[in-house]
Structures are given as structure tokens and as C-alpha cells.
Amino acid sequence: MYKRQLLNRLGILVPAFLSLFLAAETGVATGTIGVLVGLWGAGSVAGSLVGGALADRVGPRRAVLFSQAVSLAASVTLVCTQRVTVLACVVLLSGCASTLHKPAGAVVVSRELPEAGHVRAFGLLYWASNIGAAVSPAVSGVLLEWDPLWLIALNIATAVAYGAVATRLPGPSGPSGPSGKGGPAGGRSPARGLLAPFRSGPVARFLFLSFCLALIYLQKQSTLPLDMAAHGLAPHTYGLVVSLNGLLIIVLQPFVSRSAERLGMDTQFVLAGLLVAVGFGANAVAGSAWSYALALTVWTLGEILLVPQASAFLVRHAPEGGAGSYQGAYQFVWNLGLVLGAPLGMTVRERYGGDTLWAGCLVLGLGVVTAYALSARRPGRSRHSAPDSAGTDGSDGREES
């Protein structure tokens, strides 16, 4: 599964290179390109939710094959049209395909590995994804200089290759669905499966707190470069500093995941939230490339702890046959953190200054850690319950932890 994740991440046509391709090949106006890239982002947000329900309903193999078929069709169409309305539909589908396959990994881990190995397995998936993300921009940049069409060729080639290796993934767990009740997860409708994670008290709280951390973490893509520029650092310096994030993940993720197995799940989340809060809060006193890099190292360690822990938490709380939907819900709130966090951070910075923004990140992060710690200590809380098994017992699927 790790090699498949790396292969797919290598070929994703990310927004930066998508905009360059559209500018070079379609001739549409700059403002229109901005709208199209926004549609790509909207598709990626929706794709994680849909992909989770799809993986639960038809199995990870079919979910991945479907996502790569959509990616392949979108890539081919992208080079065959210059009509803005068609491009809008194609870009939306391309963004959707970029995240549609991701929850399938959670389904494979939950089915094929014992619970004790979940955190480490999710850490290795994340590690492989970051290797692909580190290599992809360099490869895409070279291909763009040769000919923009090579970007599409890369996307097509990786979609075909990923689809081919995905045929070895497991399919549906049984003819009557995972729960053996005549359909996936007890016969739930797709819409009910999408909403199930948000109707469970413990999981809904976890998703909300994760969303708050995403608001902080994703400032790295919006206000952080502006803050560094305000301190006189050149754009290439920002690029070098931020590239340290991927390098640290590639180097440290396997070792941190192995060490984190000794910690409890609650401890991992609290420590991860604390590191993210302190790391971004430290930007308030940063002014040089080295100080920004030091702050980045702190919040990267938090990221390394957070991502696999969150995936394992949701798998353990998911009802039978619902791991994909729960994983998709997490990816949805994380992507939503970028959609809402970028303009929110920009507004705070413009009105109150960068120091206020980073202090706010620290306060919000500490609030998340405190709220989670208090929730974890509530009596009667079960970390392994599946409280929202589609309400098949006649309840509304809600549970108070």
C-alpha cells in the first residue's frame, strides 16, 4: 500500500502546476484560471467524503480503480478542450479524483492489520505520500519546461500504473457487505454513511478539534510566506525553509511512528497539538530563516505525531464497514481548514498584525489540547466504541461520551 501511495502522489497535478498548464495551453484569462483552481480545491474537499463512502460500499480496490479512471478521463479531456465550461467540469473532477482514493488506505489497514499496528501503518502511508510530494514538484517543473503536455502525460501514466497495482487490493469484504446485514455497514444509504461520523459525539468532537488544528497548521500555505517576506526574506528562502518540512517527515516519520507506539492515543494527540501550537506561536518571535526553520521543526514533529494518530483513532471508533467514511470525514475537515483558514488568517494579519495572528494560533492550539484532555478524562468514555452504527438499534446514532 505504501508504494501505491507514493506512486499516486507523484502524479497528482497539484494546483500550482495546474494553473501553469492552463496558462500555457488554454489561453484563458488569469482571473478565470483562479476560479478553475478554486474548483479543483472544491473537488478535492468533496472527494474525500465521497471516497470514504465509496470505499466502504464497494471495497478499496474498486474505489481506487474508479478514482484513477476519473483522473485518467479528466487528464485526457483537459488537453482536448479550451471551452471554459468544460474545463470547469474537468478541473472539478480532477480535484475530486486527487482525494477520492485516499480513504481506501484506511479500509485496507483496518481490515488487514491488527489494531496494535494501526498507528505505525498510517505513519508509513503518510511517509510514502510525503516522499511522492517531495519528488513531484521537481519532476513536474522539469516536464513543464520541456512541454506542458508532459505534465498531463505524467498524470496519465501514474493513473494507469496506480490502477494496475490497485487490482491487488482487497475488494468488498463479503457479498452482503461488511456487517452481513444485506449491504455495506448494515445497509446504510450513502448519504447516511457520509453523515455518520458527524453524528457520533466523541468522533464529532475529535473532528472539530482536528479542524481547529488544521486552521493553525495550514497557515503555512497562506500567511507564513507573507510573514517571512515582511521580515525581509526572499521567496526562495521561504521555499528552502518550507522544504525542510517534507525532509523532516521523510527522515523522521518511520522512527517517530515506531516510538509513538509506546504512547497512548490520547497522549499522542495532546503532544501533537501542543507542538503545533507552540511551533506556530513561535513565529511571533522569529525573524530570520534559522528561527523560522526552528519553529517549523517543532510544528513538523507535531504533524508527524498527529496524522497517523488521527487515522487510527477514527478507525477504532468506526462501526464495522465504516472505516472509509470516517477517514474521509477527517480529510474533509482538514481540507476545509485550508479553505476557511487561509482567508481567516489573512484577515487577522491585515487588521491586527502578524504577532497577533501567531499568538492567536498558540491560544487556539492550547485550547484544543485542553479540550481534548478534558474530554479524554470524562468517565465512561470508550475509545473502541462504535456509537453510530447507523442507528440500527432505533436510536438516532448519537452518543455522549
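**View 1. H13 passes H14 in a left-handed crossing.** Left-handed here has the near helix turned anticlockwise from the far one by less than a right angle. Helices are DSSP runs (H or I, at least four residues), numbered from the N terminus. This is a predicted model, where local features need pLDDT of at least 70, side-chain atom pairs count only at pLDDT 80 or more, and totals for chains, interfaces and linings use all residues. Residues are numbered from 1 along each chain as its sequence is written, and side-chain values use heavy atoms, with hydrogens and water left out.

**View 2. H13 and H14 pack at about 150°, their axes 7 Å apart.** That angle makes H13 roughly antiparallel to H14 (over 145 degrees). Axes are lines fitted to C-alpha atoms over the stretch in contact, with angles from 0 to 180 degrees between N-to-C directions. Contact (heavy atoms within 4.5 Å) involves residues including Phe-269 and Leu-275 of H13 and Trp-299 and Phe-313 of H14.

**View 3. Ala-282 sits in the loop between helix H13 (265–281) and helix H14 (289–317).** Look for Ala-282 as a partly exposed residue, with a relative accessible area of 26%; partly exposed lies between buried (under 20%) and exposed (over 50%), using a 1.4 Å probe and protein chains only. Cys-361 is 79 residues from Ala-282 in sequence, yet their C-alpha atoms are 9.6 Å apart.

**View 4. Ser-243 belongs to helix H12 (residues 235–260).** Ser-243 is partly exposed at 42% relative accessible area. Its C-alpha atom is separated by 9.8 Å from that of Ala-293, 50 residues apart along the chain.

Methods. Helices (H or I, at least four residues) and strands (E, at least two) are DSSP runs, numbered from the N terminus. Angles under 35 degrees count as roughly parallel, over 145 as roughly antiparallel, 65 to 115 as roughly perpendicular and the rest as oblique.
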